[in-house]
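Subject: Structure handover

Hello,

Here is the structure I promised to pass on.

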Amino acid sequence: LTSNGYTTPTPIQQSSTPLAKEGENLLLIAATGSGKTLAYLLPALSRKEDDSIFTEQTKRQTTLIVAPTRELAAQLARDAS
């Protein structure tokens, strides 16, 4: 993240990350450019990598992110890959 210019979490990321890591559903509403994409993706990806929480079976579970527009869905897919 640091090599891509991300040094500190945005307010939306700070407030949503603890909830997401606990497996809570998120509905984030914030301005464009506020960091919502990473607020959704980082906790989901980090949960899958945490060996102390999940077994091999649960690591294969899917994360569903619903986007209201095709453009946002494409951005999420691009950023997640």
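The notes below go from the whole chain down to single residues.

Overall picture

Please keep in mind that this is a predicted model. The mean pLDDT over the protein chain is 80. A score of at least 70 is reached by 81% of the residues. Confidence is not even along the chain. Helix α1 has the highest mean, at 89. Helix α3 (residues 56–59) has the lowest, at 60. Please read α3 with that value in mind.

The protein chain has four helices and zero strands. In sequence order the pattern is α-α-α-α. There are 81 residues, and 19% of them count as buried. Residues 24 or more positions apart account for 41% of them.

Gln 13

Gln 13 sits in helix α1, which covers residues 11–21. Is Gln 13 buried or exposed? Its relative accessibility is 10%, which is under the 20% cut-off, so Gln 13 counts as buried. The side chain of Gln 13 also reaches back to Thr 10. There it comes to 2.8 Å from the backbone nitrogen. Leaving aside residues up to four places away in sequence, Gln 13 touches Thr 8, Gly 35, Leu 38 and Ala 39. Of these, Leu 38 and Ala 39 fall within helix α2, residues 36–49.

Leu 45

Leu 45 is also in helix α2. Its relative accessibility is 44%. That value lies between the 20% and 50% cut-offs, so Leu 45 counts as partly exposed. Which distance separates the C-alpha atoms of Leu 45 and Lys 21? The answer is 9.7 Å, with the two residues 24 apart along the chain.

Surface patch

Which residues make the nonpolar surface patch? They are Leu 1, Tyr 6 and Leu 42. Leu 1 belongs to the segment before α1. At 53%, its relative accessible area is over 50%, so Leu 1 is exposed.

To look at these places yourself, start with Gln 13 and its contacts to Thr 8, Gly 35, Leu 38 and Ala 39.

Best regards

Note on methods:
Residues are numbered from 1 along each chain as its sequence is written. Side-chain values use heavy atoms; hydrogens and water are left out. Helices (H or I, at least four residues) and strands (E, at least two) are DSSP runs, numbered from the N terminus. Buried means under 20% relative accessible area, exposed over 50%, partly exposed in between (1.4 Å probe, protein chains only). A polar contact is a pair of N or O atoms within 3.5 Å; within protein, one must be able to donate a hydrogen and the other to accept it, and residues adjacent in sequence count only if both atoms are side-chain atoms. Contact means heavy atoms within 4.5 Å. Patches are made of residues with over 30% relative accessible area and no salt bridge: like charges are joined within 9 Å, nonpolar side chains (Val, Leu, Ile, Met, Phe, Trp, Tyr) within 5 Å. Accessible areas come from the Shrake-Rupley method with a 1.4 Å probe; for residues, only the protein chains shown count as cover. A salt bridge is a side-chain nitrogen of Lys or Arg within 4 Å of a carboxyl oxygen of Asp or Glu. pLDDT is the predictor's confidence in each residue, from 0 to 100.
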